[in-house]
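Please keep the sequence and the structure in view while reading.

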Amino acid sequence: MKIKRSVAIPWHIIFIITIIILLYPIVFALGSSFKTLEDAYNNVLNIVPLNPTFENYITFFNSLPAFKITMNTFIIASVATIFKLITSFLAAYAFVFLQFKGKNILYFMLISTIFIPFTVTMIPNYIGYRFSQQRLGCYFAAACQCAWYLSNEAVDENNPHLVN
Amino acid sequence: MSDGTVLKNKESWKAYCLLIPTLIIFSIFMFWPFLYTIYLSFFDWNMITPTKEFVGLKNYIDVLSDRNTYKILGNTFIYIAFLLVINCIIPYLFAFVLDLILKRFNGFYKSALFLPAFISLVVGSILFTWILNPVSGPVAIILGWFGIEMPIWSKLDGWVILVLSLITSWKVFGYNFIVLYASINGISREIIEAARLDNVPLWKIFFHIVLPMSSATGIYVFIITIVQGLQYVFTPIKVITQGGPNYASSNAIYHAYHEAFVLYRTGHSAALSIMTMLIFFILLVLEFKFVERGIYYEN
């Protein structure tokens, strides 16, 4: 089936414009990361830096515990992934292949948690987090609270353990 | 009949074992906190004092009699409206166009549109505050060439909601688009080809074939846009405006956080969260009542 060119070409243009808008911030960040501060302020529109410099990267690695931060991110992400995969595989198998009492109710309970906004569980989780931080050590707490931690500045302000 | 029950009992035992890990995690991080939040919504507490004071329904009354609450609920619905247009309707259209109209560069378009979904929204928000800076940002400079002055969006009601929704969409758009594309791509080609042979116009194909046949995924994206979208918006609000100016960019989710971790009024926060959840729940019931009936499930 042929599509008329007069239909396809405007859509190509729309797609390309959308993609430029979506990718611009990424390119902008990449370009700016190699600029000196002066260059970044004076030539905002130039994506390619005039005098490429690694200064920013050097400052970053010297002023922040970059390795530690990356490791924390990695630990949080992998623990969350592993837990999710294990639990949801087992549960999904049970729901698909087995018959048991209360199947529908349990299924409904698990599914309906999608509709619980994180604010509903936020305060008790924070209290639980504080508690487990004191009693169980930081990595357990950090791993368990990962999703919530990412959206919550209060945690890393109050808990320096996560950063150092 | 009795054979079936025996089998069922045997299987029950197995099924419960498989469900235990999920249930433990959900009980610790979902069900218990949920009940505890309901409990907290009847108490006056600031997360620090060892005693909580029982105040009955006072927190709910306080929240309902606060004029800011209504402003914030209004904002929440404006956010929902913007997010539905940008993250549900437009991706639907794009997925349809990419599948049926565009035959070249398909792979490139798909991956390029999906790319921002990999990047943290915190990073995106910081980049956008720079890019959209109304005085020195690149967008303002380009608009300046055409003699257009960029509004100081972070200080204006309405504008701030639109811009924050757009920033959120930057991340969410690609994911919704890919999900919808997969669904539209799965529709049997024969039906569409037959319609094309009969010279059915494209918009009719969209409304009468593609939309009904991909509606199961469509409704998923619709719900995700409302429920997750509001929670995603939290990030740019937190990073860029902190709910300001004068609560103009705050939504129900952010305000609950604000009450709990900035003002330390857990009671208000809990009451507001519970009410937000009820609103979501009402939306959900309406959705099931009016939309789910017309949905086509392949299996």
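## Overall build of chain B

Two residues are in contact if their C-beta atoms, placed from the backbone, lie within 7 Å. With that meaning in mind, and remembering that this is a predicted model, consider the contacts in chain B between residues at least 6 apart in sequence: 70% of them join residues at least 24 apart.

Chain B contains 12 helices and 2 strands, and, when read along the sequence, these elements follow the pattern α-β-β-α-α-α-α-α-α-α-α-α-α-α. Its C-alpha atoms fill a box of roughly 80 × 75 × 30 Å, taken along the principal axes, and 33% of the 299 residues of chain B count as buried.

## The nonpolar core

Which residues have the most contacts inside the largest nonpolar core? They are A95(B) and L164(B), in a core that has 62 residues. Helix α3 of chain B, which covers residues 67-100, gives the most to this core, with 14 residues. If neighbours within four places in sequence are left aside, A95(B) is in contact with F177(B), L180(B), Y181(B) and I184(B).

## Helix packing around α7

Helix α7 of chain B, made of residues 159-185, packs against α3(B) at an angle of about 35°, with the two axes 7 Å apart, and α3(B) passes α7(B) in a right-handed crossing. Sorted by class, the contact of α3(B) with α7(B) has 21 nonpolar, 7 polar and 1 charged residues.

The helix α7(B) also packs with α10(B), here at an angle of about 145° and with axes 8 Å apart, and this crossing, too, is right-handed. Among the residues that make the contact are L164(B), T168(B) and L180(B) of α7(B), together with G218(B), V221(B) and Y232(B) of α10(B). The residues of the contact of α7(B) with α10(B) divide into 12 nonpolar, 9 polar and 1 charged.

## Where chain B meets chain A

The contact between the chains takes 60 residues from chain B and 44 residues from chain A. On the side of chain B that touches chain A, the elements that give two or more residues include α4 (106-114), α10 (215-241) and α12 (266-290) of chain B, while the largest share, 20 residues, comes from α1(B). By class, this side of chain B has 42 nonpolar, 12 polar and 6 charged residues.

Is F108(B), with its 12 C-beta neighbours inside 10 Å, buried or exposed? This residue is found in helix α4 of chain B, and F108(B) counts as exposed because a residue does so when 12 or fewer other C-beta atoms lie within 10 Å of its own. Between F108(B) and I205(B) there are 97 residues of separation in sequence, and their C-alpha atoms are 25 Å apart in space.

## A helix of chain A

Within α4(A), the residues I76(A), A91(A) and A94(A) are buried.

Definitions and conventions
Residues are numbered from 1 along each chain as its sequence is written. Chains are lettered from A and ligands numbered from 1 in the order in which they are written. This is a predicted model: local features need pLDDT of at least 70, side-chain atom pairs count only at pLDDT 80 or more; totals for chains, interfaces and linings use all residues. Helices (H or I, at least four residues) and strands (E, at least two) are DSSP runs, numbered from the N terminus. A residue is buried if 20 or more other C-beta atoms lie within 10 Å of its own, exposed if 12 or fewer, and partly exposed in between; C-beta atoms are placed from the backbone. Ala, Val, Leu, Ile, Met, Phe, Trp, Tyr, Cys and Pro count as nonpolar, Asp, Glu, Lys and Arg as charged, and the others, Gly among them, as polar. A nonpolar core is a set of buried Ala, Val, Leu, Ile, Met, Phe, Trp, Tyr and Cys residues joined through C-beta atoms within 7 Å. Axes are lines fitted to C-alpha atoms, for helices over the stretch in contact, and angles run from 0 to 180 degrees between N-to-C directions. A crossing is left-handed if the near helix is turned anticlockwise from the far one by less than a right angle, and right-handed if clockwise.
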